[in-house]
Amino acid sequence: MLLGAIYGYVLAWGPIIWGIIGAVSGIGIGILLKWWVNRKSTHRQSRTGADIVLLIRCDEQKWPAVEQLLRGHHALGLAGVHDKQPNR
């Protein structure tokens, strides 16, 4: 846009028209470059998700509430381990 406005003083249509032409051209080139870079980067990227393992120790009576809370937050998997020894 700046170059269109600067050189528009010596061109036939004037600086305003050449400034608008420069702005539209710059926006178009920017969108095309962004699309091209994003297209290239999406092919190289693999899914890099993180898995978290959460260990919770609680009484047997509290387990249903803990399970309901985790399922409510979309936990991928749940497993319970029962302690043979009583809590200290």
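Is H74 buried or exposed? H74 is exposed, with a relative accessible area of 68%, where exposed means over 50%, buried under 20% and partly exposed in between (1.4 Å probe, protein chains only). The place of H74 is in the segment after helix 3, and its phi is near 60°, a positive value in a residue other than glycine.

The model here is a predicted one, in which local features need pLDDT of at least 70, side-chain atom pairs count only at pLDDT 80 or more, and totals for chains, interfaces and linings use all residues. Residues are numbered from 1 along each chain as its sequence is written, and side-chain values use heavy atoms, with hydrogens and water left out. As for pLDDT, the predictor's confidence in each residue on a scale from 0 to 100, its mean over the chain is 82, and 82% of the residues reach 70 or more. Confidence is lowest in helix 1, at a mean of 82, and highest in helix 3 (residues 63-72), at 90.

The overall layout is simple to list. The chain has three helices and zero strands, and from the N terminus on the elements run α-α-α. Helices (H or I, at least four residues) and strands (E, at least two) are DSSP runs, numbered from the N terminus. Of the 88 residues in the chain, 7% are buried. The chain exposes about 8,600 Å², with carbon and sulfur atoms supplying 64% of that area; accessible areas come from the Shrake-Rupley method with a 1.4 Å probe, and for residues only the protein chains shown count as cover.

Part of the surface forms a nonpolar patch of about 830 Å², made by L2, L3, I6, Y7, Y9, V10 and L11. Patches take residues with over 30% relative accessible area and no salt bridge, joining like charges within 9 Å and nonpolar side chains (Val, Leu, Ile, Met, Phe, Trp, Tyr) within 5 Å. A salt bridge, in turn, is a side-chain nitrogen of Lys or Arg within 4 Å of a carboxyl oxygen of Asp or Glu.

W13 counts as exposed at 57% relative accessibility, while W18, at 26%, counts as partly exposed.
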